[in-house]
2 protein chains.
Amino acid sequence: MNYGLPPLQDLIEYFKKLPGVGEKTARRLGFAILDMDDREVKGFAETLLQIKEKIGFCNRCGNFAEGEICGICSDKSRLEGILCIVERPADLYILEASGQYRGRYHVLHGVLSPLDGVGPDDLNLEKLKSRVDEEGIKELLIATNPSVEGDTTSLYIARMFKDRSIRVTRPARGIPLGSSLEFVDKSTISKALEKREPI
Amino acid sequence: MNYGLPPLQDLIEYFKKLPGVGEKTARRLGFAILDMDDREVKGFAETLLQIKEKIGFCNRCGNFAEGEICGICSDKSRLEGILCIVERPADLYILEASGQYRGRYHVLHGVLSPLDGVGPDDLNLEKLKSRVDEEGIKELLIATNPSVEGDTTSLYIARMFKDRSIRVTRPARGIPLGSSLEFVDKSTISKALEKREPI
């Protein structure tokens, strides 16, 4: 669609680069920006400018951090001896929100995906090896996504440490709570039946 | 969710102000920004900063414009004597995209909505009156949304001009093309039956 307004067209193109935002949504967001208060839009723009300057990666775990080390790595109350391995920082925050896990994390920044040319050297694995030694890790909880690539990566990491007395685990798989059996996919159902638990 | 990263939290709050963006989407967009190239994010922010400075409203029709007058109002090839009235500039671009309408527009910047305290004085109606006179308008095509507020506004405008020899029209209502009868709502079906056309 041609708006005859280059700045609006540019803004819509930027919105389209965001995940899950297509032409129609980008257009709606662009028009919403034009409808917003000047001060709001300025604040939005300044936050965008600052965010990449202020937020980098944690030198230890690869999570986002405002300094050298992220809040979780520097939190002394965290459980020692266990690391939860995730693909991306976003996954880490999902796990954090559950409040169930009290250890520290290690962010891979990707998964093994030979078709996309992503090999072990492209992931944050060297640092993982040294952390396991330095931090006296006894358990690796591998919380990669339940996809082919996630499972391959998880297996690869398990093998990296197979000669060490380290427990390697992953979150249980099964029927998600609050869901309806009718809407759960076949492979989840079949995995849940295979791994059935006593009540 | 607490990320321990104030700039990320701020950015997520800004995304949440956009229409149709809830907590989850805002979080995904925030993380996507952190994953984007520095240059891209800078370009995005600069476009945001510029857009409110560069784009204002057309002095004549109320559409978005980079100067005093928008591209449509200054386009000499447009049909004279007809104005299409829309609620917002976004609606104008939807109508433009159809390529069916070749006249100019008039943007109300809202609809009558007594419950929200929006009366006739809050809409771009004075300017409409003077345009009708100055531009020798013979037809007003009122393309407000097919909602209670849109219809009320449309009726109000029709009455404003009832003593003048001006044709007041609106787009036809009925079953949308490419839809399936199964998914069309009852009131649309009933309107389409009432207004049935010979084949």
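Visitor: In what order do the four strands of the open sheet in chain B lie, and is the pairing parallel or antiparallel?
Guide: Bear in mind that this is a predicted model. The order in chain B is E4-E3-E5-E6. The pairing is parallel.

Visitor: What makes E4 and E6 of chain B edge strands?
Guide: Count the partners. Strand E4 (104-107) and strand E6 (167-169) of chain B each have a single partner strand, so one side of each has no neighbour in the sheet. From one strand to the next, the twist averages 25 degrees.

Visitor: How do you know that E3 and E4 of chain B pair?
Guide: Pairing takes at least two bridges. Strand E3 (residues 82-86) and E4 of chain B share four bridges, in the parallel sense.

Visitor: Why is A:Pro198 called exposed?
Guide: Exposed means over 50% relative accessible area. A:Pro198 has 80%, so the word applies. This residue is found in the segment after helix H7 (186-194) of chain A. Its C-alpha atom is separated by 40 Å from that of A:Phe64, 134 residues apart along the chain.

Visitor: Which domains does chain A have, and what separates their centres?
Guide: The assignment gives domain 1 (6-54) and domain 2 (76-169). Their centres, taken over C-alpha atoms, are separated by 34 Å.

Visitor: Why are the two copies said to be related as by a two-fold rotation axis?
Guide: Look at the turn. Chain B can be laid on chain A by a turn of 180 degrees and a shift of 0.1 Å along the axis, with an RMSD of 0.1 Å. The copies are therefore related as by a two-fold rotation axis. In chain B, the C-alpha nearest the axis belongs to B:Ala45, 2.2 Å from it.

Visitor: How do you know that the same surface serves both copies?
Guide: Compare the contact residues. Of those in chain B, 100% recur in chain A.

Methods. Residues are numbered from 1 along each chain as its sequence is written. Chains are lettered from A and ligands numbered from 1 in the order in which they are written. This is a predicted model: local features need pLDDT of at least 70, side-chain atom pairs count only at pLDDT 80 or more; totals for chains, interfaces and linings use all residues. Side-chain values use heavy atoms; hydrogens and water are left out. Domain bounds come from an automatic or database domain assignment. Helices (H or I, at least four residues) and strands (E, at least two) are DSSP runs, numbered from the N terminus. Axes are lines fitted to C-alpha atoms, for helices over the stretch in contact, and angles run from 0 to 180 degrees between N-to-C directions. Buried means under 20% relative accessible area, exposed over 50%, partly exposed in between (1.4 Å probe, protein chains only). Copies are superposed by least squares on the C-alpha atoms of residues with pLDDT of at least 70 in both. Contact means heavy atoms within 4.5 Å.
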